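I opened the model to look up a few local features. My notes follow.

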Amino acid sequence: MREPLVPLVPMSHTAHIRSHRKPRRNAPSLAMRAGVAGGVLSTLAVAGAAGSANAAEPVTQTLELPTLTADLATQVAQSADATQQTAANYELQAERDAAAAKAAKQAKADLADAKKKAEAKQKAEAARKAAAADAVSRSSARTVLSASASTSTNVAAPASGSVATVIAFLKAQVGDAYVMGGTGPNAWDCSGLVQAAFKQVGVDLPRVSQDQSVSGTPVSLSNVQVGDILYWGSAGSAYHVGVYIGNGQYLDAANPGKGVVIQDLSGYPATGAVRVL
């Protein structure tokens, strides 16, 4: 009887090599893993229940408060910086405005000072020219004085050259100022001028018009001569004096408005006259 044939199964070419698959875990290991997994699931279940319970309670958002507080602090700081910068700008502008105002004021003062100096210089120049012209005029007056005095047709010629000296001095002062109490050399009152004129020829007259009106020999106005002293008011209490220079004219320190001038006797007739030369 034939033996049954055993089928031959071809072997893999790697059959002689130990399998590379991981060995199956044993039962205790699997049980441990199952316990851990169960514990985790239980924890998740408890957490889920707690979450469901807490879902009914209102939730207060507190996480944004620090953020809002920080933003507010930043805004306050920025606002303070802006305010400080604005104040600094205003202060700087105020300083600039004050400096500009001070500079403008100083410029105005400098301009006014320069203008005053220019005016003073112009006045000084005008005074210098006037003085030069006056000197020329006085020199001319002295040159022609003797001839004009000696050729007068309305009065007798003076007895001596002393009168001509007096008249020359008086005419040289024409144009000077009138000042109460003035005795020269550039400002006079009426009696101060008469006293200085006669002093040129050695005659010492009193200082005031009241006394001068009674010095010398009284003469009538119809017989008045060149060099006679004319007075206005009563003799001994006269308020004004002058000197007759011929041709119906007299020379006096009239008043502050006129100064030393030559005037017509007809326009302001004298009260009396005295002769000292």
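I located Gly192 in helix 4, residues 190-199; helices (H or I, at least four residues) and strands (E, at least two) are DSSP runs numbered from the N terminus. I worked on a predicted model, where local features need pLDDT of at least 70, side-chain atom pairs count only at pLDDT 80 or more, and totals for chains, interfaces and linings use all residues. Residues are numbered from 1 along each chain as its sequence is written, and side-chain values use heavy atoms, with hydrogens and water left out.

I looked up the accessibility of Gly192: at 1% relative accessibility it counts as buried, where buried means under 20% relative accessible area, exposed over 50% and partly exposed in between (1.4 Å probe, protein chains only). Leaving out residues up to four places away in sequence, Gly192 touches Gly182 and Arg207; contact means heavy atoms within 4.5 Å. I also noted Ala253, which is 61 residues from Gly192 in sequence and 8.7 Å from it in space, C-alpha to C-alpha.

**Asp189**

I found Asp189 in the loop between strand 2 (187-188) and helix 4. Asp189 is buried, at 7% relative accessible area. A polar atom of its side chain lies 2.7 Å from the backbone nitrogen of Gly192. With residues up to four places away in sequence not counted, Asp189 touches Tyr178, Val179, Met180, Gly181, Gly182, Arg207 and Ala253.

**Helix 3**

I checked helix 3, residues 161-172: its twelve residues reach 17 Å from first C-alpha to last, close to the 16 Å expected at 1.5 Å a residue, the expected span being 1.5 Å times one less than the number of residues. I listed its buried residues as Val163, Val166, Ile167, Ala168, Phe169, Leu170 and Ala172.

Notes: A polar contact is a pair of N or O atoms within 3.5 Å; within protein, one must be able to donate a hydrogen and the other to accept it, and residues adjacent in sequence count only if both atoms are side-chain atoms.
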